[in-house]
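Hi,

Here's the structure I promised to pass along. Have a look at it first, and then read on for what turned up.

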Amino acid sequence: MAFDLKNIVRPNIWALKPYSCARDEFKGEASVYLDANENPYNAPFNRYPDPLQWAVKEKLAQVKGVAKENILLGNGSDEPIDLVYRAFCEPGVDNVVAIDPTYGMYKVCADVNNVEYRSVLLDDDFCFSAESLLKAADAKTKVMWLCSPNNPTGNSLCRGEIEKVLRGFDGVVIVDEAYMDFSDLPSMALSLDKFPNLIVLQTFSKAWGCAAIRLGMAFASTEIIAVLNKIKYPYNVNILTQQQALKMLDNAQQVKEWVSVLKAERSSLNSELLALPFVKKVYPSDANFLLAKVEDANAVYDYLVGKGIIVRNRNTVSLCAGCLRITVGTHEENVTLINELKSFA
């Protein structure tokens with residue numbers, strides 16, 4: 001099917017004249033800045049940050065293998081998630097389709113923006129078919145949400161099925177790769193040239209160890225990035241976040257080492273959990289967490305809380321009855337968890 005961005009973007013957004021801030025109108029360096037009504041004291045925090053974060057994008061482009069013009073940075077991944085709704089979905093008219101279970105913010109943002117949210121249940125192995133998603137769509141479906149590796153299930157979605165959705169749907173397809181660093185698969189961001197309707201989300205919160213700085217990434221065509229830049233707030237990423245991101249991007253090798261350690265710990269934790277008599281199953285994971293099915297999830301969860309160990313109880317989530325989601329911690333934290341679970345057993 002043919003993808004026409006103008007037909008997908010809300011008409012008022014397509015026609016929108018974006019706010020022009022002082023740092024948009026002047027680019028480069030000067031000796032005296034008297035254009036933005038800033039306080040001249042308390043440098044560097046007195047100045048507005050680069051609204052398009054070019055220094056961060058230039059380093060990020062080198063690390064990710066994606067051109068800087070194909071990158072949007074947001075306040076966590078939640079900002080680009082919300083921007084997608086505001087750019088493409090007419091409130092009270094349009095709808096989106098998503099797999100179920102998956103990351104909860106897709107639905108929260110749909111509800112906030114008054115957009116119908118259609119869920120398509122995964123199968124028992126947490127896989128999906130492109131056909132099932134495409135069947136759930138109609139003429140008012142503007143967006144499809146795919147999280148891979150998926151949260152809370154941990155598995156990577158079938159790349160072939162993702163590509164079928166991209167080819168068979170004339171709206172926007174978002175592939176959320178928050179946990180991609182823990183997978184052995186290549187990022188879909190390397191396929192932007194093949195799929196003009198693709199948006200890939202990533203984050204500094206997981207592998208990069210920077211959840212506190214709230215920095216999310218969106219990779220897409222220059223045309224889609226231009227639409228999202230029109231409607232984002234002018235200075236959405238503060239200077240402290242940009243500075244820390246630059247430091248981390250200079251430390252990419254350390255991040256790779258963290259990922260390697262966490263993947264080894266994930267494997268060890270998987271084995272230790274399976275050895276416990278009340279653990280029925282541990283699902284395969286390409287993320288930095290494991291989904292474990294236990295005999296009494298509520299009882300195990302409450303027991304761990306009493307021991308000062310917090311995991312995520314996913315017992316009420318679709319297809320996750322009896323399941324706990326356990327983040328892979330340090331070796332010492334994982335040993336503490338297993339020792340306490342042995343006492344519970």
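Which residues of helix 4 (residues 54–64) are buried? Keep in mind that this is a predicted model. The buried ones are Val 56, Lys 57, Leu 60, Ala 61 and Lys 64. Looking down the axis of helix 4, you'll find these buried residues within an arc of 135°, so they line one face of the helix. As for what covers them, the list includes strand 1 (71–74), strand 6 (198–203), strand 7 (216–219) and helix 10 (239–249).

Now for the nonpolar cores. The largest one has 53 residues, and Phe 128 and Phe 204 have the most contacts inside it. Another core lies apart from that one, with 33 residues, including Ile 81, Ala 87, Cys 147 and Ile 224. Back to Phe 128: leaving out residues up to four places away in sequence, its contacts are Ile 99, Leu 122, Leu 133, Leu 146, Leu 157, Cys 158, Glu 161, Ile 162 and Val 165.

I also checked the cysteines. The disulfide count is zero, with 2.5 Å between sulfurs as the cut-off. Cys 109 is buried, at 6% relative accessible area. Cys 210 is in no disulfide either, as its nearest cysteine sulfur, in Cys 147, is 20 Å away. Cys 210 also counts as buried, with 5% relative accessibility.

Cheers

Key
Residues numbered from 1 in each chain as written. Predicted model: local features only at pLDDT ≥ 70, side-chain atom pairs only at ≥ 80, totals over all residues. Heavy atoms only, no water. Core = buried A, V, L, I, M, F, W, Y, C linked by side-chain atoms within 4.5 Å. Buried < 20%, exposed > 50% of the residue type's maximum accessible area, 1.4 Å probe, protein only. Contact = heavy atoms within 4.5 Å. Helix = DSSP H or I, 4+ residues; strand = E, 2+ residues; numbered from the N terminus. Arc of directions from axis to C-beta.
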